[in-house]
Structures are given as C-alpha cells and as structure tokens.
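Here is a short briefing on the backbone of one protein model. Keep the structure open as you read.

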Amino acid sequence: MPVGYLITVALVAWCTFFAVVSPRRPGPVASMSFVFGLLPNELPFVAIYALVASTALAAAQGDLGSTGARAVVGVAAATVVGLAVAAWRGVRSDRAVGHALREGLGAGWREHVQAPPRRHRAWARILLLPPPGLLRPRGVERIANIRYGDAGRRNLLDLYRRRDAPDDAPVLIYFHGGHYSSGAKSREGRPLLHRLAGQGWVCISANYRLRPQTTFPGQQIDAKKVIAWVREHGSGYGADPSRVFVAGGSAGANMAAHCALTPNDPAFQPGFEDADTSVSAAICFYGYYGHFFGEQPDETPPQEQPYRYLNAGAPPFLVVHGTRDPLGTVEGARSFVGRLRDVSHNAVVLAELPGGQHVMDLYHSPRSEAIVDGAEAFAGWVLSSPRSPGPTPHTATADAATATGPHARKPASPAGSS
C-alpha cells in the first residue's frame, strides 16, 4: 500500500466532503466545514490536479497493484466526482448573479451602465494561477499603511489605484471579516480591489480595532473615520469624495451595512460629528446581519446590528451570500434583504450563489470572479443612474427597525449618492 498516496487521497477526500456536503446550522461541525471545505470548494481544479498527479506517480512507481491500492484509486475517483460538483456550482454562480441583478435593478439595467461589465472569464488564471496575493495588475499600485486614526496599526489603510492616477475616481472602501477579533486589511477582497483599481477606481482596504481592544461601537467609529478620511484627503490621491462605496465580507459586511444605514450619525462620530459619512451604496459579502435561519430579530434589535437602523433613505444595496454558508446563513441574508426592501426607496439586490460557503473572495475562482463581475456591474449602475439624495436620517426609528410585511420586492428605482 503506497502510504503517501493514501494520505493524499484521504486528505483531499476529507476536505471535499465538507465542500460538497456542508452542514446548514452553525456549530462545531459547521466550523469544520468552513476550515476544511474552503479550498476544494473554491479551488476544485487544483484539488483535481493533486489527485491526478499523485495517482499518476503511484502508477508509474507500480504501487497500484494491490487490492487496497485499487480501493484508494476508487476513493480518488469518487472524490473527483465530488470536486466536479463543487466546480459546477461555482461556474453556475455567474448565472445566479446575472439573475439577481435583473431582479433587483430591472430587466433593462444594462442600458443605464455607461461601461458594460465584462462578459468573458479569465479561465487561464482561474485554472492555473488562482491565488490572488501575487497577481496585482501591473498597472495598479498599492500605497500601504496610511494612517487615518490614532489607534496605531489598527488605524491604517492600504490604498490601491492605477499608476496613472486618474482624477475624480469613484472610491470603494473595503472592511475585512474575522468576527471582530481577527483579520487584516491585506487578507480579503483583493480580487475586487484589484479589478476596480484597474478600472480607474481608488480602492481602500482598512484595518480597524478588534476585540478585546474595543467593542461596539468602536469598530463602527473606525469605519466612519475611514469615510471621513476619504472626504478630507481622498482628492489628494485622485479620488472623488462625493462617490464613496462601502463594502466588506462577514463582519466587514455588517460594518458596511451599518455605515450605509447610519449616515452622519453623531453617535458613531465622536470628535468628528460634522464630517459627511454618507455613502453612495453598500456591497455586502457573506455577512451576518443579526440572526440565523430566518428567525425574526428582537422587537428592538441590538445597536450593533443593521436591523436597528433600517430606513427609507438607505442607499442601494448589493448583498451576496452562498447557499451553503455554515457560519452566516443565507436565511439571515434573505430576511435582512426582505426587511430592507420593505422600507427602502432604493434598489436592494440579493445574489444567492449555489454551493457558496463563507469567505468566497480569497482566490480567483469562478465564484469569486462572478462576485467581482456582479459588484462591478452594480457599482456601474449606481454611478450611471441619476443621483437622488433622499432622506439621510442619523437616528433609527422604531418603525423602521421593526418593519414587517410580505417582503415583496419593490420596483427598482435609479439612485446614486445618499
């Protein structure tokens, strides 16, 4: 029995199981699903390469003649089938995103986008060079560790822009995840940051204070400081401070939603109450919005949850979530979107990605490429639509926070800056 081959197949099969058959309820098994299933779920082609290469090596060495070895080959074949299922789910994400945009923005939404989103897929990069860390486009530069607050390294941001530094560029601010207790500005969202920066945006990925250094509202105050920094200093980097988008994943999605729903709220702007912290739109990936499995939030949701601040003047929202996310469930995203649609005068888009788990934007995969395409298209629609300031309340109302109803989708109305 080739021990090395057995270990390789067993490891890949174990991880593939959690990628394909992930549990639906949070708990220890769900955490295992996230840890072990992330790589094969987003990079199934790489796992297939590993199985094929290890099988070919074992065959070349004449190690597959025994009954036990042939059984391991059978397990490897079954694992490839599971990886093919994961790959197919990822490829279908493109269709899911397109459907969500048509539903949320209207059938003719592309007519309002000045620069139509790209329609091709970078398959060479997806199949051969999926990790994003070393793939920043040549035309994009990163200006690292710019200070926006006084909390040391937790108040630093990285700025991405084209090397030719276009003037009056729209701005995307991205907040990383990590349950408010871990994570850093260089870990997540790079496919989106690199893409938009390459298209002429100024993109920012920011650190913020974590637990136990601070707790709510410390993180939200830091997020508001980033927006205020852009308004004060962004023009020096080629940014248009009047066109600011907020985005994030997991806990960062919670922060982005919170920022979008509480523009200019002095409770989250101590010492800089006069700064304009309104935003043009929010883009939220695999976020936790206050509850699981469609359970209704409390009559008076906690202050740290976006449900507390739902209001008619909310800017356009794009919410992206995987259907098999074991940590922040898709049911929670559906309920949040339904309640927001009940009260908001602006468009709310929900894209549910088949087979998607938590943290879908670490690698260049078919799913992450679909996410980036969708975010680019949504942002283009917002920028191309007539601006309608609308109300920007700085405190939540009880009626908005506890709105109920059939969650029927409201017709999309063009909107820009809130």
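**Backbone briefing**

Val359 sits in the loop between strand E8 (348–353) and helix H10 (366–384). Helices (H or I, at least four residues) and strands (E, at least two) are DSSP runs, numbered from the N terminus. The model is predicted: local features need pLDDT of at least 70, side-chain atom pairs count only at pLDDT 80 or more, and totals for chains, interfaces and linings use all residues. Residues are numbered from 1 along each chain as its sequence is written, and side-chain values use heavy atoms, leaving out hydrogens and water.

**Positive phi values**

- Val359 is not a glycine, yet its phi is positive, near 60°.
- Val359 is buried, with a relative accessible area of 8% (buried means under 20%, exposed over 50%, partly exposed in between, with a 1.4 Å probe and protein chains only).
- Asp168, also a residue other than glycine, has a positive phi near 55°.
- Asp168 lies in the loop between strand E2 (156–162) and strand E3 (169–175).
- Asp168 is exposed; its relative accessible area is 53%.

**Helix H4**

- H4 covers residues 67–105, which is 39 residues.
- At 1.5 Å a residue, H4 should span 57 Å, and its end C-alpha atoms are 58 Å apart, which agrees (the expected span is 1.5 Å times one less than the number of residues).
- Just after H4, Gly106 takes a positive phi of about 105°.

**Cis peptide bonds**

- Arg211 and Pro212 are joined by a cis peptide bond, with omega about 0°.
- Pro212 is in the loop between strand E4 (202–206) and helix H7 (218–233).
- Phe216 and Pro217 are joined by a cis peptide bond, with omega about 10°.
- Pro217 lies in the loop between E4 and H7.
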